[in-house]
Amino acid sequence: MRTRRAVTDRLFWGFCFLAFALIAAPSVSMLISVAHQAAPAVGWSLFSQTTKGIGIQNAILGTLLLLLGVLIVAGTIGVAAGVYLAEFASGRSEKVLRFFSEVLAGMPSIVIGYIGYITLVVQFHWGYSLLAAVIALSVLVMPYIVKTTEVALRQVPSVLREGAAGLGMPRYSTLGRILVPTALPAITSGLIVALAISTGELAPLLFTAGFSDHNPRLQLFHQQVPYLTNVIFTDLALPGKRPHATSAAAALVSLVILIVLIVAGRIVAGRARRNTARMSL
Amino acid sequence: MSEQTTSAVTESQARRPEVTTVGPPVPAEMENPVFVVENLDFYYGSHQALRGVNMKIGRNEITALIGPSGCGKTTFLRCLNRLNDLIAGTRVRGRIDFAGKPIYDPSLAAIELRRRIGMVFQKPNPFPKSIYDNIAIAPKVNGMKVNMDDLVEECLTRAALWDEVKGKLKASAFSLSGGQQQRLCIARAIAVKPEVILMDEPASALDPLATIRIEDLMSELKKDYTIVVVTHNMQQAARVSDRTAFFNVDDSQGVRTGVLVEMGTTHQIFTSPTDQRTDDYITGRFG
Ligand SMILES: Nc1ncnc2c1ncn2[C@@H]1O[C@H](COP(=O)(O)OP(=O)(O)OP(=O)(O)O)[C@@H](O)[C@H]1O
Ligand SMILES: [Mg+2]
């Protein structure tokens, strides 16, 4: 009897380990192989030179600039829409907003890039530009921000709402001073995941950002923006060892940015959980 | 036969909680009620939770609402500050006057009403903020022109919590014990200078000692505030309240609906209730 239980126990843990290994192994092997291939290109020059030389400084700066743009555009609009859905929307306006958010969420990223190209780049005459790229990326990650914001607000215990209402606090102050601060860690971790997604995207940028061997400038229109995924993509297609190593190095830097964002998200989300756990409501 | 009846009465008499309310006894007739409730019906969607409630609530008195679970005590309490407005699909019929004005008048803002009528909930629900901010936030939002530090100290003192927290006002409210959190919620409620405080089983989550502290606090606050308190604890009603209202579930019309069976001075309700159901409830024969 006891041995059978021990065997089942072993089997169970063995199975869990296998599942874990199946997930972990590809990630780790990918990281190792990327690092291995990038090794020849990794050095001070990678960060001090642009793609005109043998570095990717311009692409790193461009990606960070795009992330900042996404944080501003998608962050503001997405959080506002999420707050609206959670707190104010009702009836038709809610249905309409939810419908569009779902349509956007299901839209293939290449289509977003393409639409961005024909409207922003061509029709508006913005050319390949920072703003066009930021908007395309923002459209891609916005539904995610809307959803996490809405869920975060809905998860604030209703007794806090009632407590504030019972003190005669108006709805907007309840929202601004109690609900949003309580939900903020969860909203922030949603924003961070949105940035992580943006880091790895190529399709929406292909048609909107263009590329440049120079460092990006803070200019919204008519100024092409270099970015990491483009380097990964184009350098891999070039002949020779050097471009392949540069491509791998760009991938490695993207992965590092990704890991930093994910870890930051974890920390913030953990703090959120601790906050609500202590509430014991 | 007659012997049996006598012994039954003495037996039930023995199990009646003793009324020990602090302060002079209140007159049977109320002169100047704060709330006048007339023919109140309340619905959650199609479910009627209250039917035909008539009640007057006296100024600077403690009114206890008692009755079995599900009879609508919480629902009634939350009608008094229109907190049920927050629940979608609820409906009110009848009339509630507060300080002479109908509160369900569309021209009256619920927000203004709730400033004048504070609420303490069954489970302590401090905001996830510091002890200080829990008290200061509503006065700030409401634009009260006061010295905030003084106000915080005053409210915490009145809520008998100052000595325990004066050294750690910036600490999170969650670092307090359940009983301390509940007193913080009482302090928070009095910070906006209400005229009435509604309390929904404020001590149900607390140990006996913390319960006694809350009860003492209620007797103390009665000087300045009108208090309406829901309680499951018959002893508590007898200890602190001036008047008692007994609610019950009525299914004589085919559906289970809350009704007010009777209301009177706590002394009268606990010594000579006029309705058999009240007698049964307070002597513990059901409920
Ligand atoms: N939010 C709600 N939606 C629908 N029905 C509700 C809601 N709240 C309460 N009810 C119903 O209304 C009736 C009265 O509930 P209420 O909470 O007022 O009773 P109570 O006397 O406070 O009970 P307890 O002593 O258990 O707290 C119950 O039948 C309950 O199921
Ligand atoms: Mg209740």
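**Entry 1: terms and model**

I count a polar contact as a pair of N or O atoms within 3.5 Å; within protein, one atom must be able to donate a hydrogen and the other to accept it. I am working with a predicted model. With that rule in hand, I looked across the interface of chain B and chain A, and found four residue pairs in polar contact, both residues of each pair at pLDDT 80 or more.

**Entry 2: the interface of chain B and chain A**

Next I asked which elements of chain B give two or more residues to the side that touches chain A. I noted α3 (110-116), β6 (117-120), α4 (131-141) and α7 (178-191) of chain B. The largest share comes from α4(B), with four residues. I then sorted the residues on this side of chain B by class: 16 are nonpolar, five are polar and seven are charged.

I looked up the contact counts too. On the chain B side, 28 residues are in contact, and they meet 20 residues of chain A. The two chains bury about 1,900 Å² between them. Of that area, 69% is on carbon and sulfur atoms. Which three residues supply more of the area that chain B buries against chain A than any other three? They are B:Phe127, B:Val141 and B:Phe174, and they supply 27% of it.

How many salt bridges does the rule find across this interface? I found one. The side chains of A:Glu162 and B:Arg78 meet in a salt bridge, with N to O at 2.9 Å.

**Entry 3: salt bridges over all chains**

I widened the search. Over all chains the rule gives 21 salt bridges. I picked out one within chain B, where B:Glu195 pairs with B:Arg116 and the closest N and O atoms are 2.7 Å apart. What does this pair tie together? B:Glu195 lies in the loop between α7 and β7 (196-200) of chain B, and B:Arg116 lies in helix α3 of chain B, so the pair ties together parts that are 79 residues apart in sequence.

**Entry 4: ligand 1**

I turned to the ligand. I counted 13 residues around ligand 1. The closest are B:Ser69, B:Lys73, B:Thr74, B:Thr75 and B:His232.

I checked distances from side chains to oxygen atoms of the ligand. For B:Ser69, a polar side-chain atom lies 2.5 Å from an oxygen atom of ligand 1. For B:Lys73, an N or O atom in the side chain is 2.7 Å from an oxygen atom of ligand 1. For B:Thr75, the value is 2.4 Å, again between an N or O atom in the side chain and an oxygen atom of ligand 1. Ligand 1 exposes 630 Å² when taken alone, and the protein buries 63% of that.

Where does the shell come from? β2 (47-58) and α2 (73-80) of chain B each supply at least two of its residues. The largest share, three residues, comes from α2(B). By class, I listed four nonpolar, seven polar and two charged residues in the shell around ligand 1.

**Entry 5: chain A**

I looked up the secondary structure of chain A and got eleven helices and zero strands. Its C-alpha atoms fill a box of roughly 70 × 65 × 30 Å, taken along the principal axes.

Leaving out residues up to four places away in sequence, A:Thr51 touches A:Ile56, A:Asn58, A:Phe211, A:Ser212, A:Asp213 and A:Val231. With A:Asn58 I found a polar contact of 2.8 Å, which joins the side chains of A:Thr51 and A:Asn58. I also looked up A:Phe100, which is 49 residues from A:Thr51 along the chain. The C-alpha atoms of A:Thr51 and A:Phe100 are separated by 39 Å.

Definitions and conventions. Residues numbered from 1 in each chain as written. Chains lettered and ligands numbered in written order. Heavy atoms only, no water. Contact = heavy atoms within 4.5 Å. Buried area = accessible area lost by both parts, 1.4 Å probe. Salt bridge = Lys/Arg side-chain N within 4 Å of Asp/Glu carboxyl O. Nonpolar A, V, L, I, M, F, W, Y, C, P; charged D, E, K, R; others polar. Near = heavy atom within 4 Å. Areas by Shrake-Rupley, 256 points an atom, 1.4 Å probe, with all protein chains shown as cover.
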